[in-house]
Amino acid sequence: MSVVIVCLTARNMAFDTDSITVPAAAEVTVQFRNLDDGISHNLSVYRSPDRVDTIFRGEPISGPGIASYTFTAPREPGTYYFQCDMYPDLMYGEFIVEEEGV
């Protein structure tokens, strides 16, 4: 199993990236920095933007703050969805799962 470390920052009500790419079935650790003073953010990953099927939901942290989230990426390659649950219309992106070794 692959182990992947991803750095993600929330600043000015936005993530610093709109896509995260990891290998299938990888153990993913997200080093999450929230730089928005007095505002809570988190990272959640869903199968699609309809947010019905949750892959991972991180606990919100108030800024400025740091959290480490660890979860297993889906086994099936494809394009999934990530967001901040507090501000889903502003902070979201594609969570791309690639075949291992790609």
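Modeller: Rings of Phe, Tyr and Trp (its six-membered ring) pair if their centres lie within 6.5 Å. Keep that in mind for this predicted model.

Colleague: How many aromatic pairs does the rule count here?

Modeller: The count comes to 7 aromatic pairs. Ring pairs link Phe15, Phe32, Phe56, Tyr69, Phe71, Phe82 and Phe95 into a cluster.

Colleague: What describes a pair of aromatic rings?

Modeller: The distance of the centres and the angle of the planes. Take phenylalanine 71 and phenylalanine 95: 5.9 Å centre to centre, with 45° between the planes. Planes under 30 degrees apart count as stacked and over 60 as edge-to-face, so this pair is tilted.

Colleague: Where do phenylalanine 71 and phenylalanine 95 sit?

Modeller: Phenylalanine 71 is in strand 9 and phenylalanine 95 in strand 11 (residues 92–98). They are 24 residues apart, so the pair links distant parts of the chain.

Colleague: Is phenylalanine 71 buried or exposed?

Modeller: Buried means under 20% relative accessible area. Phenylalanine 71 has 7%, so it is buried. Phenylalanine 95, at 1%, also counts as buried.

Colleague: In what order do the strands of the open sheet run?

Modeller: The order is 2-1-4-9, with mixed pairing. Strand 2 (14–15) and strand 9 (65–72) are the edges, each pairing on one side only. Strand 1 (residues 3–11) pairs with strand 4 in the parallel sense over 8 bridges. Within strand 4, glutamate 27 stands opposite valine 3.

Colleague: What is glutamine 31 in contact with, leaving aside its neighbours within four places in sequence?

Modeller: Glutamine 31 lies in strand 4 (residues 27–34). Its contacts are Ile5, Val6, Cys7, Leu8, Ala67 and Ser68. With serine 68 there is a polar contact between side chains, at 3.4 Å. Glutamine 31 has 31% relative accessibility, so it counts as partly exposed.

Colleague: Now the backbone. Which peptide bond is cis?

Modeller: The one from glycine 63 to proline 64, with omega near -5°. Proline 64 is in the loop between strand 8 (61–62) and strand 9.

Colleague: What about phi? Where does methionine 13 lie?

Modeller: In the loop between strand 1 and strand 2. Phi of methionine 13 is near 60°, a positive value in a residue other than glycine. Alanine 25 is not a glycine either, yet has a positive phi of about 65°. Alanine 25 is in the loop between strand 3 (19–23) and strand 4.

Colleague: Is alanine 25 buried or exposed?

Modeller: Apply the cut-off of 20% again. Alanine 25 has a relative accessible area of 17%, so it is buried. Methionine 13, at 23%, counts as partly exposed.

Definitions and conventions: Residues are numbered from 1 along each chain as its sequence is written. This is a predicted model: local features need pLDDT of at least 70, side-chain atom pairs count only at pLDDT 80 or more; totals for chains, interfaces and linings use all residues. Side-chain values use heavy atoms; hydrogens and water are left out. Helices (H or I, at least four residues) and strands (E, at least two) are DSSP runs, numbered from the N terminus. Buried means under 20% relative accessible area, exposed over 50%, partly exposed in between (1.4 Å probe, protein chains only). Contact means heavy atoms within 4.5 Å. A polar contact is a pair of N or O atoms within 3.5 Å; within protein, one must be able to donate a hydrogen and the other to accept it, and residues adjacent in sequence count only if both atoms are side-chain atoms. Two strands pair if DSSP finds at least two bridges between them.
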